[in-house]
Amino acid sequence: MSTITAVRSLKMESRGLLALIFLFRCYSALSCPVRCTCHFGVQSTETVCPDAELSRYPNEGLPGNSTSLTIQFTNLSSVSAKELEATPLLQELHLPGNRLSSLPQDLLTGLHHLHTIDLTGNQLQELPARVFYHAPLLNLVLKDNWLTRVDADCLPANSSLTWLDLSGNKLRKIPSALLKKLSHLETLHLSQNLLETIPDESFHYLHALERLHLDENKLQSLDAKAFSHNANLTHLFLQKNKLQTLPATLFHGLNLLQYLDLSENQLTFLTPGTLGLGISWVDLTSNPWHCDAKIEYLRKRINNVPVQSKPWCASPETLKDKAIAELTPNELGLEE
């Protein structure tokens, strides 16, 4: 065989090998696990596994270039860092409605692009230290688990988190030490827990906070400075608690506050000056408002700046079920 022939033969073999490698890569990228659906885009690959009969992590056929992975409402009870390493390009990991009762400390090792993880509706009772250290998370959802506490060491000191959802757990205390690390946080969900008090400095480090959900807890009172460091707050949800009174200065300094829900509490009156004139949406319904002279501030506030809800009197009996906005000074024992 001549030298020229040998070179040509070698080139043909090399081209064949490259073609095989290319086909293998394409096959791997376009494969999809059984019980899952895969959507292939130019810049993203989404894998969704919603089968209730799925009980093991879908390793076989999982596209290595997946940018979004959803395993939801299955019998999956565990997931490891090694399994996740097969999809290093993941940006979103959604694992809602499974049977995860614990997480390995190194879970997110190697996921350098992951910005969102959703663990809603599992059976997590605690979080290991440093479990969320290894990915640049922006959104962390731990809704509807069995958490009684969330320690500060689960997130790094330089966390870039902007969304944290801890609603629907069994928290009795605000995770204040954790919140000190979250200076970039914009949305915080703490609703549907067992919170009874809010320590003075709980939210003092959340300077970027815009939406705060504290509804459906057991709060009976709030410190006058509870939100004094949250000047960017636009939405505040306090409904379905046991609030009996509010400090007159509670919402002072919240000049961007647009939406305030105080419905379904135990409020009987509001101290003059409590509601700023800039709050455009206020829900005050389903409180036991006592309509005497103390309700005059609220009556005037409602008539000067209309609210979307129409609170009514719970007492005295002579005014029961009458809209507060329709009361007359005479009915409140005041001079016309």
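Trainee: What covers the buried residues of helix 4?
Mentor: Keep in mind that this is a predicted model. The cover over the buried residues of helix 4 includes strand 12 and strand 13 (289–290).

Trainee: And which residues of helix 4 are buried?
Mentor: Helix 4 spans residues 296–304, and its buried residues are Glu 296, Tyr 297, Leu 298, Arg 299, Arg 301 and Ile 302.

Trainee: Switching to rings, how many aromatic pairs are there?
Mentor: The count is three. One of them is Phe 237 with Tyr 259: the ring centres are 5.1 Å apart and the planes meet at 40 degrees, so the pair is tilted.

Trainee: Where do Phe 237 and Tyr 259 sit?
Mentor: Phe 237 is in strand 10 (residues 235–237) and Tyr 259 is in strand 11 (residues 259–261), so their pairing ties together parts 22 residues apart in sequence.

Trainee: Is Phe 237 buried or exposed?
Mentor: Phe 237 counts as buried, because its relative accessibility is 10% and the cut-off for buried is under 20%.

Trainee: What about Tyr 259 and Trp 281?
Mentor: That aromatic pair is stacked, with 4.5 Å from centre to centre and 10 degrees between the planes. Trp 281 belongs to strand 12 (residues 281–283) and Tyr 259 to strand 11, so here too the linked parts are 22 residues apart in sequence. Trp 281 itself is partly exposed, at 26% relative accessible area.

Trainee: So which residues do the ring pairs link into a cluster?
Mentor: Phe 237, Tyr 259 and Trp 281.

Trainee: Last one: what lies over the face of Phe 269?
Mentor: Lys 294 does, 4.8 Å from the ring centre.

Definitions and conventions
Residues are numbered from 1 along each chain as its sequence is written. This is a predicted model: local features need pLDDT of at least 70, side-chain atom pairs count only at pLDDT 80 or more; totals for chains, interfaces and linings use all residues. Side-chain values use heavy atoms; hydrogens and water are left out. Rings of Phe, Tyr and Trp (its six-membered ring) pair if their centres lie within 6.5 Å; planes under 30 degrees apart count as stacked, over 60 as edge-to-face and the rest as tilted. Helices (H or I, at least four residues) and strands (E, at least two) are DSSP runs, numbered from the N terminus. Buried means under 20% relative accessible area, exposed over 50%, partly exposed in between (1.4 Å probe, protein chains only). A charge sits over a ring if NZ of Lys or CZ of Arg is within 6 Å of the ring centre and within 35 degrees of the ring normal. Contact means heavy atoms within 4.5 Å.
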